[in-house]
Protein chains: 2
Amino acid sequence: MHFMTALKAAWQQRNSLLCVGLDPDPAKFPAHLQGRTDAIFEFCKAIVDATADLVCCFKPQIAYFAARRAEDQLEALIEHIHAKHPAIPVILDAKRGDIGSTAEQYAIEAFERFKADAITVNPYMGRDSVDPYLAYPDKGVILLCRTSNPGGSDLQFLEVETPRGRMKLYEHVACTVAEEWNASGNCGLVVGATFPAEIARVRELTGDMPLLVPGIGAQGGDIAATLAAGRTANGAGLMINSSRAILYAGVEANGGEEFAEAARKVALDTRDAINAHR
Amino acid sequence: MHFMTALKAAWQQRNSLLCVGLDPDPAKFPAHLQGRTDAIFEFCKAIVDATADLVCCFKPQIAYFAARRAEDQLEALIEHIHAKHPAIPVILDAKRGDIGSTAEQYAIEAFERFKADAITVNPYMGRDSVDPYLAYPDKGVILLCRTSNPGGSDLQFLEVETPRGRMKLYEHVACTVAEEWNASGNCGLVVGATFPAEIARVRELTGDMPLLVPGIGAQGGDIAATLAAGRTANGAGLMINSSRAILYAGVEANGGEEFAEAARKVALDTRDAINAHR
């Protein structure tokens with residue numbers, strides 16, 4: 001699969017900008033999955049199968065698997081998505097960042113072991129820490145730019161002097177990725193829905209570059225403002241992520257075996273709320 | 001183990017500022033380990049046992065384990081270090097960085113699953129992305145500041161406007177960690193040996209904060225300049241990392257079963273070269 005081609009096809013053919021984030025927290029699983037050794041896989045698989053026709057991509061968060069020694073379930077999950085829903089790209093949310101020789105190992109982890117179609121990467125260590133991912137031209141490389149969390153401002157919102165003039169650090173990252181790191185056309189950026197003005201600024205600086213936008217749902221970002229700020233001329237360009245609000249909708253409602261149907265309903269409503277503003 | 005207490009004791013009692021980085025690359029293993037399913041563990045264990053009296057800490061790089069589906073061997077390795085060399089702290093080099101709820105999972109991965117005594121963390125996402133690690137006051141939290149790689153300058157060397165005035169981004173990170181994030185006294189910083197002037201600046205800004213210094217050996221950093229720039233008044237304050245130059249010394253020499261003895265010799269020479277400048 002070529003990540004960018006698959007993403008664009010998914011935006012159009014599935015009529016969705018929704019990314020379902022897979023952050024499996026066993027403490028929130030429904031009762032019938034509690035205690036099963038494959039609970040993480042079974043929970044995520046049910047969510048995936050119930051929402052696959054509503055999304056443009058899935059985004060498993062590796063930390064939730066790693067904290068529970070469940071890398072094998074992450075492998076099985078991505079294999080399942082590729083086998084059953086082959087049109088849908090998978091972004092491994094890993095936010096890796098290290099020197100080139102180590103980044104090569106992380107690229108092997110993401111693309112060859114887990115067989116993800118894209119990865120999120122931290123830009124703090126600069127160009128040679130990103131090159132090993134860029135060396136896979138079919139894979140997506142999605143750099144952190146303006147993150148959705150409160151501390152995102154601590155560094156990213158500082159004013160910096162750059163060869164392009166004075167700008168905020170996140171703007172410098174956006175320009176650097178768009179103008180220097182994207183030679184293979186396989187880069188994207190993470191910009192939080194909690195900061196629509198900055199989504200607009202990143203859109204202005206990067207043309208049609210795909211933006212992964214976390215922060216709607218549990219984090220409180222606004223869908224209308226996100227679309228107004230970030231959609232491209234053809235009404236796409238965004239992967240709008242929701243994790244907890246979808247995953248645990250059913251668990252919070254009744255804790256029963258219908259959790260996936262409840263998740264589907266929230267995913268459907270979210271997709272439609274997004275589409276209402278395209 | 002309390003990381004900072006153990007580190008200071010190791011500096012003094014073992015008379016060493018050397019950190020041996022465990023970056024196991026099976027392609028470079030000696031012939032008798034090739035093809036064994038536990039080769040990564042056995043290679044690292046032999047290095048650890050051959051160098052334990054010469055180091056102040058060990059630093060396994062998780063990417064090398066994750067790329068080869070060898071998390072179980074990393075667990076076994078850290079368990080071995082704690083069991084056989086209980087005075088030596090283990091830094092998990094993971095450079096994680098994510099929003100708070102995800103960082104909680106990474107903290108569980110590092111401190112509860114792998115039982116590391118410290119972790120390296122990326123500061124790009126700000127305070128709330130670091131808090132979950134700081135919440136373990138016995139553990140060390142070592143923030144990337146001025147990394148040793150060429151691209152380290154892309155962001156870290158930019159001039160930024162901060163509440164403390166105009167400075168380089170890495171200086172802002174150093175000040176922020178020293179003045180705001182280090183309330184429990186469990187923070188350290190990564191500053192590359194390839195930039196001794198910046199080591200001196202970070203030392204000036206952070207008092208006696210421990211600095212993890214990669215970049216000697218394969219990356220070409222200078223030991224004398226590193227010590228002159230970064231040692232504290234009592235001749236400590238540094239964890240000077242060497243990985244490849246030590247790990248593969250014997251493999252490159254003869255490829256035989258004496259690889260650990262060859263690694264020990266380089267570790268001994270490196271420790272003594274460091275001590276000559278304390």
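First, the conventions. This is a predicted model, in which local features need pLDDT of at least 70 and side-chain atom pairs count only at pLDDT 80 or more, while totals for chains, interfaces and linings use all residues. Residues are numbered from 1 along each chain as its sequence is written, and chains are lettered from A and ligands numbered from 1 in the order in which they are written.

How many residues of chain A are in contact with chain B? There are 44 in chain A, facing 44 in chain B, where contact means that C-beta atoms, placed from the backbone, lie within 7 Å. On the chain A side, α3 (62–66), α5 (100–113), α7 (152–156), β6 and α8 each supply at least two residues. Helices here are DSSP runs of H or I with at least four residues, and strands are E runs of at least two, numbered from the N terminus. The most comes from α5(A), with seven residues. By class, this side of chain A holds 16 nonpolar, 17 polar and eleven charged residues. For these classes, Ala, Val, Leu, Ile, Met, Phe, Trp, Tyr, Cys and Pro count as nonpolar, Asp, Glu, Lys and Arg as charged, and the others, Gly among them, as polar.

I turn now to the sheet. In chain A, β6 (residues 159–162) and β7 (residues 165–168) pair in the antiparallel sense over four bridges; pairing requires that DSSP finds at least two bridges. These strands form a hairpin with two residues between them. A:V160 stands opposite A:M167, and A:T162 stands opposite A:G165.

A:E161 is opposite B:E159, and A:E159 has B:E161 as its bridge partner.

What is the order of the strands in the open sheet? It is β7(A)-β6(A)-β6(B)-β7(B), with antiparallel pairing. The β7 strands of both chains stand at the edges with a single partner each, so one side of each has no neighbour in the sheet. Neighbouring strands are turned by 30° against each other on average, direction ignored; axes are lines fitted to C-alpha atoms, for helices over the stretch in contact, and angles run from 0 to 180 degrees between N-to-C directions.

Helix α8 of chain A (residues 169–181) lies across β6 and β7 of chain A together with β6 of chain B, at about 110° to β7(A).

Finally, consider α9 (residues 196–206) and α10 (residues 223–230) of chain B, whose axes come within 7 Å and cross at roughly 20°. Helices α9(B) and α10(B) are therefore roughly parallel, a label for angles under 35 degrees. Residues making the contact include B:I199 and B:R203 of α9(B) and B:A225 and B:A229 of α10(B).

How values were computed
Two residues are in contact if their C-beta atoms, placed from the backbone, lie within 7 Å. Angles under 35 degrees count as roughly parallel, over 145 as roughly antiparallel, 65 to 115 as roughly perpendicular and the rest as oblique.
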